[in-house]
Amino acid sequence: MTTTAKKPRKSATTKARAKAFRFEVDNSKESMKTSILNHLRYTLARHPGSATNDEWWTATCSAVRDRLLDRFMKTQAVHNEKKVRRAYYLSLEYLMGRLLVNNLHNAGLFEQTRNALAELGQDFALIADEEADMGLGNGGLGRLAACFLDSLASLDLPAIGYGIHYEYGLFRQEFKDGYQIEHPDVWMEKGCPWEVMRPNFAQKIQLFGRVEHQMDSKGVFKPKWVDYKTIEGVPYDIGIVGYGGETVNFLRLWDSKSTHEFDLDIFNDGGYVEAVREKAMGETISKVLYPNDSTENGKELRLIQQYFFVTCSLKDIIRRFHANHSEWSEFADYNALQLNDTHPAIAIPELMRLLIDDYGHEWDAAWAITRGVCNYTNHTLLPEALEKWSVPLFEKVLPRHLEIIYQINARFLEDEVDAKWPGDDAKKSELSIIEEGHPKMVRMAYLSVVGSTKVNGVAALHTDLLKKDLFSTFHDLYPNKLINMTNGITPRRWLLACNPGLSELVTEKVGEDWPKDLDKLQAVAKFADDAKFQNRFMEIKYGNKQAFADFVLEDSGTAISPDALYDVQIKRLHEYKRQHLNLLHILTLYRRLLNDPDYEMNPRVFIFGAKAAPGYALAKNIIRAINKVGEKVNNDPRINGKIKIVFPQNYRITMAEKMIPAADLSEQISTAGKEASGTGNMKLALNGALTIGTLDGANVEIGEEVGEENIFIFGNTVEQVDALRQKGYNPYDYYNSNWELKAVIDWLRSDYFAPGEQDAFAPLCSSWLEGGDPFLCLADYADYMRAQEAVDKAFSDKKRWAKMAIMNTAYVGKFSSDRTIREYAKHIWKLKPVKIGS
């Protein structure tokens, strides 16, 4: 049977009382000054004359937060009153960066706040620089989630993000002798003034234990989860203000708490550590983003993290639904869940468990609801990157969920696969959510496909490859399930906030509305041949390059010239992204310059920003190789500064906001068919950097938008990569036939760059040769060198380069996350804007 959701009673005066407490907040400069001073005095107990910069920052953020919370309460009141349909975005990470400047721009408070601080004798830039990057994300997956939250609010779409309230971020990166060293990222050291704790909405979750099958009053055996441990999830809300400031949605982050504080008897007997052991274990869940999963304990913690935030979120969603609705038949009408990759895939069996075990639904009704609300975004084409958990681990941590997954799988294979391919056991084995082996594995991506209404790729090429390769048989089974949603970026952060000079120029030419309608930048194209506009555009670029050069000099002591070509590769360190192909180019240029001091080339600064996963040894070896080559190159007087290598420590959003406006060239050089989309390519192009890249991910669509004459494409295509592999790819064929390539690899194999260490870079060099060069660096090397020579020639022609840069800025409007979110809202979530008004 199906139970009816309980709808709490509301007093007749609730709405009237809510209206009575609404008031307008004064957003003037004088009001902002008063608010900042009040928070300095009454929140921090500090006198303006003795307050430090970080205290001014806290007071300023608190003053801004006051105004956002007022709008937040109005937003939620309207949403609740209208009983809106909401989208819920479930993501294990959100790479938010700093919030102050972005919130000020979106809320329309930037000038007032900057002027208020100036009149109080404070430097706004110094105050803003006190903010730490929020340690809630790692790479493109988390940054995409942050951009999507911005767009959802800017488009007035009712939505809530869910994630984990990590105490520590991924890690703070330091380089010692070129090695990456990881330190804890204590991002909340100064507190987080943007968040609001919500203990009233805390949720209890169950872990471990076992399942008993007990007979009910009707003589039917029912499963019951017993002997479990209980953990509490406490939510923290961060307001997400849309551009224009009317809608303020929120991001709800779950912090894990033990349900047992400590044992006072043990404490009094002197067992101080034992007394708090249970509490410490419970709070470990939200301690750190992406714990190292190379150990069994690490794997267990990762699975628990995923379940923890998913079940807290689902219970919260159900609680909110019950507040306004009484019929479960309406649940799918008012709720849409988006699973950002497979990390939240446990939502599918967990929602089934809640509906069946807690709310008394029959299987078919529960499955209809679950499948009706869940949707899945795939972010990888690498089969090895598709998440799997061992059945023994599942049985230990989530025994009831394992039963449900087995039942989902059995019904799927019998009712759907066998119906499509009767008696075809090979098809059943291929599509089974349970992968046979020792041990058996739960394929989370397959669970996500089976349990979702829609599955989307994140670029046209990526989606096409999902249909042809990774999920080809699923596509045969569900021909209308896989769709494309090309990724996007928010122009509010990635142009308006991070590149004020270019933003002002664009506003002067196309008006003030472009941050919400990026296609309006196309009007800039008519100035691409205008000499005065070219000069202004490139002067802004030069100023950004000088600002970055100043940062580098202060950060590392390395002097770089803004006259050089700034060649930028900023992204997670992974072999398929091919930072090591970039290194081969650097080594080739360095060798040419040593052999011929008069070798003609534009001075070039190679700029890297990347972190390698702590357990990814080869990626860390690549980082050390880049750093050690940089030490040689940067200090070699024989090359007259024609090449410099800059690799700042601890790459993060705030650093990207310095690098991207300064970039001339954007390195998007992944092996064709490996990058799902990329979003760094979009940010760099928007800021007037030219792309050098393969026909991979969103590079294909960027080339279509900006024109093939304004992008540098090289390398094997997806089809050519497949043909090479089928023929039998042998990297030694390229190594032995290209004397320059052979020379630089042999050079790196020697101890020239790490004196006294013969095998310093043996892992990297072996990956190219004995390891089979899995990502085809050697196959693409010659064409990459050709494309780089074309880049150098184009950069020599200043007018041509300026025109190409302007055309890139003008024609990347498609890659606004607003466009992406409109497509999600229309084709997946069926979501409509809700205007808040004053």
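In this predicted model, K29, E30, M32, K33 and I36 of helix α2 meet Q112, T113, N115, A116, L117 and E119 of helix α5. Sorted by class, the α2 contact with α5 has four nonpolar, three polar and four charged residues.

**Helices α2 and α5**
- Helix α2 covers residues 29-43 and helix α5 covers residues 110-119; they pack at an angle of about 60 degrees, with their axes 8 Å apart.
- Because of that angle, α2 is oblique to α5.
- The crossing of α2 past α5 is right-handed.

**Helices α13 and α16**
- Helix α13 (residues 347-358) packs against helix α16 (residues 399-420) at an angle of about 100 degrees, and their axes are 9 Å apart.
- That angle is why α13 counts as roughly perpendicular to α16.
- On the α13 side, the contact is made by I348, P349, E350, M352, R353, I356 and D357, while α16 brings R400, H401, I404, I405 and I408.
- By class, the α13 contact with α16 has seven nonpolar, one polar and four charged residues.

**Cysteines**
- How many disulfides are there? The count comes to zero, with a disulfide taken as a pair of cysteine sulfur atoms within 2.5 Å.
- For C312, the closest cysteine sulfur is in C374, 17 Å away, so the two are too far apart for a bond.
- C312 is buried, with a relative accessible area of 0%.
- For C498, the closest cysteine sulfur is in C147, and at 11 Å that is too far for a bond.
- C498 also counts as buried, at 11% relative accessibility.

Technical notes:
Residues numbered from 1 in each chain as written. Predicted model: local features only at pLDDT ≥ 70, side-chain atom pairs only at ≥ 80, totals over all residues. Heavy atoms only, no water. Axes fitted to C-alpha atoms, helices over the stretch in contact; angles between N-to-C directions. Helix = DSSP H or I, 4+ residues; strand = E, 2+ residues; numbered from the N terminus. Parallel < 35°, antiparallel > 145°, perpendicular 65-115°, else oblique. Left-handed = near helix turned anticlockwise from the far one by under 90°. Contact = heavy atoms within 4.5 Å. Nonpolar A, V, L, I, M, F, W, Y, C, P; charged D, E, K, R; others polar. Buried < 20%, exposed > 50% of the residue type's maximum accessible area, 1.4 Å probe, protein only.
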